[in-house]
Amino acid sequence: MNKQEQAGQVFALFNEIGIISQLSRTLFESRLPHGFLLQHFSVLNHLIRVKNGQTPLGLAQAFQVPKNSMTHTLSGLEKAGFVEFKPNPKDGRSKQVWLTDAGHSFRDQAIGKLMPDLMELARDFEGFDFAGLVTQLAEVRAYLDAARD
């Protein structure tokens, strides 16, 4: 296979990931309570998975969205009691975002509501190597993440 054919396969992979992203977002958002979107869940998940206590700017950079978009998302999470802001002890000017117990619970409940759909998918794709695929996609994600800096 030549480089152009290989690049075409990479494009096809990204195309499929994009479509899967749209379909999975719609499914997941249909399981979230009214008024909450995937970006709300994603911030809570990020604070658990990556690092709690990040600044709004750091979160905006991690999600590659404008700071005002992240501020809007965080405002909704704060209003719901899922995050709280505390002064940043490093500089005293910025704030850090901290997950509350309610936010942790909301995230776990959201995953729980999605679980029947995930179990059905796993059943319908019995024998599919999801773990291997996740490992490979994590490598692609790490490469793309490093390339953006």
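Helix axes are lines fitted to C-alpha atoms over the stretch in contact, and angles run from 0 to 180 degrees between N-to-C directions; helices themselves are DSSP runs (H or I, at least four residues), numbered from the N terminus. The model is predicted, so that local features need pLDDT of at least 70 and side-chain atom pairs count only at pLDDT 80 or more, while totals for chains, interfaces and linings use all residues. Residues are numbered from 1 along each chain as its sequence is written, and side-chain values use heavy atoms, with hydrogens and water left out.

**Exercise 1.** Determine how H2 and H4 pack and which residues meet.

*Solution.* The axes of H2 and H4 lie 10 Å apart, at an angle of about 85°. H2 is therefore roughly perpendicular to H4, a class that covers angles of 65 to 115 degrees. In contact terms (heavy atoms within 4.5 Å), Gln39, His40, Val43 and Leu44 of H2 meet Met70, Thr73, Leu74 and Leu77 of H4. By class, this contact has five nonpolar, three polar and no charged residues, where Asp, Glu, Lys and Arg count as charged, Ala, Val, Leu, Ile, Met, Phe, Trp, Tyr, Cys and Pro as nonpolar, and the others, Gly among them, as polar.

**Exercise 2.** Locate aspartate 117 and decide whether aspartate 117 is buried or exposed.

*Solution.* Aspartate 117 is found in helix H5. Its relative accessible area is 18%, and buried means under 20%, exposed over 50%, partly exposed in between (1.4 Å probe, protein chains only), so aspartate 117 is buried. Not counting residues up to four places away in sequence, aspartate 117 touches Leu27 and Arg31.

Note on methods:
Helices (H or I, at least four residues) and strands (E, at least two) are DSSP runs, numbered from the N terminus. Angles under 35 degrees count as roughly parallel, over 145 as roughly antiparallel, 65 to 115 as roughly perpendicular and the rest as oblique.
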